[in-house]
Amino acid sequence: MANILTVTLNPALDLSVETPTLNPGEVNRTGNTRLEPAGKGINVARVLARLGHSVTVTGLLGEANAAPFERLFEAEGLQDSLVRIPGQNRINIKIAEAGGRVTDLNGPGFRVSEDALQRLEFRLAQLLPECDAVVIGGSLPEGFPSSGLAGLVQLASGAGKPVWLDTSGEGLRTGIEAGPFAVKPNTDELSGWAGKPLKDITAVEAAVARVHAAGVSHVVVSMGADGVLWSSPAGTLRSWVPPVTVVSTVCAGDTLLAGMLHGVLLGQPDETILTFATALSAECVRHIGVGNPDAPDFSSLLQQTRVQPWPAENNTGEMPL
Ligand SMILES: Nc1ncnc2c1ncn2[C@@H]1O[C@H](COP(=O)(O)OP(=O)(O)O)[C@@H](O)[C@H]1O
Ligand SMILES: O=P(O)(O)OC[C@H]1O[C@](O)(COP(=O)(O)O)[C@@H](O)[C@@H]1O
């Protein structure tokens, strides 16, 4: 198993609320609610630790409400190396309706001072020699320059570590320019980067080609219920998800990234990697929180996940039987 470092610049407490239907402007009576420490790098770390890897979490953590995060790291066996800064971690609200629709209310996060980036760079430089791969995930907090994110990508890449980047907006733009090994945008994030709507898979493929041209080897596009497109120097694969009942899609992208990195670090065949990661992300949407590789029916989800080289010979876009 591998040593993995994840970087979360803007952690969040996810307040997940299940409700039959969201009626804006009215009193809504909710079902299950859950408050859980999260943020992209932290979610990825949880899945990787469950898969048996040794994982260190770094990034920034507001010290005013750090305790639930610290308890989670202890419970999940994650090495805590987050740089403490003054302020509160944000609370992100996730409203999951019975039909599977999720409304995300993601806050801007704490405001950081200039020295936060320097302290983080120093910490990263200390941690890099011990790790096999680096995941940088999530949005940038207020006051954190996107050039700072690019600097972190360059620092890790310069140390010879493959960087897996999952962010959005300006961070994705400067992050891609810094040349990470892999990126995992969802279709909306890729569309934002490309500067145009991606109406079909052909448009997605064209945008992926541009990401490669910018110097990124592995592009993993998560397309929600339409599965995953993974393009790498070895070729392109497409996956189709198994049938599942959706409760909440929050954390599905983080689970997918963790599943991909797991297989790549183990040197598994590409089809095995994408099948596993897709099945695990589909497992995730059945409940609140990250995907569970120990779900009793996980082997059945694996069997029902389809992967094919892309474009397929009979390029109908339909799920192969
Ligand atoms: N409705 C769904 N049914 C089954 N699997 C899903 C569904 N939504 C997402 N997934 C799985 O989770 C992955 C990540 O979800 P997606 O919504 O694309 O990413 P993100 O959470 O980053 O926005 C998808 O590529 C797919 O494999
Ligand atoms: O940093 P951002 O872009 O606001 O995203 C943070 C949110 O994304 C999540 O990590 C979930 O991400 P995914 O749904 O893409 O897996 C939440 O836990 C968190 O609230």
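Helix axes here are lines fitted to C-alpha atoms over the stretch in contact, and angles between N-to-C directions run from 0 to 180 degrees. On that basis, the axes of helix H6 and helix H7 (residues 201–213) come within 10 Å and cross at roughly 60°. Angles of 65 to 115 degrees count as roughly perpendicular and those under 35 as roughly parallel, so H6 is oblique to H7. The model is predicted.

## Helix packing

Two packed helices are described by the angle between their axes and the distance between the axes.

| Helix pair | Axis distance | Angle | Crossing |
|---|---|---|---|
| H3 (residues 114–127) and H4 (residues 146–158) | 11 Å | about 15° | right-handed |
| H5 (residues 169–177) and H6 (residues 187–194) | within 9 Å | roughly 70° | right-handed |
| H6 and H7 (residues 201–213) | within 10 Å | roughly 60° | left-handed |

Take its contact with H7. From H6 come Thr 187, Leu 190 and Ala 194. They meet Val 204, Ala 207 and Arg 210 in H7. By class, this contact has four nonpolar residues, one polar and one charged.

Now the other partner of H6. H5 contributes Gly 169, Leu 172, Arg 173 and Ile 176 to the contact. H6 contributes Glu 189, Gly 192 and Trp 193. These residues divide into three nonpolar, two polar and two charged.

The H3 and H4 pair packs at an angle of about 15°. H3 is therefore roughly parallel to H4. On the H3 side the contact residues are Leu 117, Glu 121, Leu 124 and Ala 125. On the H4 side they are Gly 148, Gly 151, Leu 152, Leu 155 and Ala 156. Six of the residues in this contact are nonpolar, two are polar and one is charged.

## Ligand surroundings

Ligand 1 is surrounded by 18 residues. The closest are Ser 222, Ala 225, Ala 252, Gly 253 and Ser 281. Helices H8 and H9 (270–284) each supply at least two residues of this shell. By class, the shell has 10 nonpolar and eight polar residues. It has no charged residues.

Ligand 2 is surrounded by 17 residues. Here the closest are Ala 38, Gly 138, Ser 139, Gly 253 and Asp 254. Strand E2 (12–19), helix H1 (40–50) and helix H8 (252–266) each give two or more residues to the shell around ligand 2. H8 gives the most, with three residues. The shell around ligand 2 divides into five nonpolar, nine polar and three charged residues.

## Backbone details

Most residues other than glycine have a negative phi, and most peptide bonds are trans. Two places depart from this pattern.

One is Cys 251. Its phi is near 85°, a positive value in a residue other than glycine. Cys 251 is found in the loop between strand E14 (235–240) and H8.

The other is the bond between Trp 310 and Pro 311. This peptide bond is cis, with omega about 0°. Pro 311 lies in the segment after strand E15 (306–309).

## Annotated domain

An unreviewed UniProt entry carries the annotation "domain: Carbohydrate kinase PfkB", covering residues 15–293. Over residues 15–293 the chain is 39% helix and 23% strand. The end C-alpha atoms of this stretch are 23 Å apart.

Methods. Residues numbered from 1 in each chain as written. Chains lettered and ligands numbered in written order. Predicted model: local features only at pLDDT ≥ 70, side-chain atom pairs only at ≥ 80, totals over all residues. Near = placed C-beta within 6 Å. Helix = DSSP H or I, 4+ residues; strand = E, 2+ residues; numbered from the N terminus. Nonpolar A, V, L, I, M, F, W, Y, C, P; charged D, E, K, R; others polar. Left-handed = near helix turned anticlockwise from the far one by under 90°. Contact = placed C-beta atoms within 7 Å. UniProt positions renumbered as here; feature names shortened; annotations may be inferred. Parallel < 35°, antiparallel > 145°, perpendicular 65-115°, else oblique.
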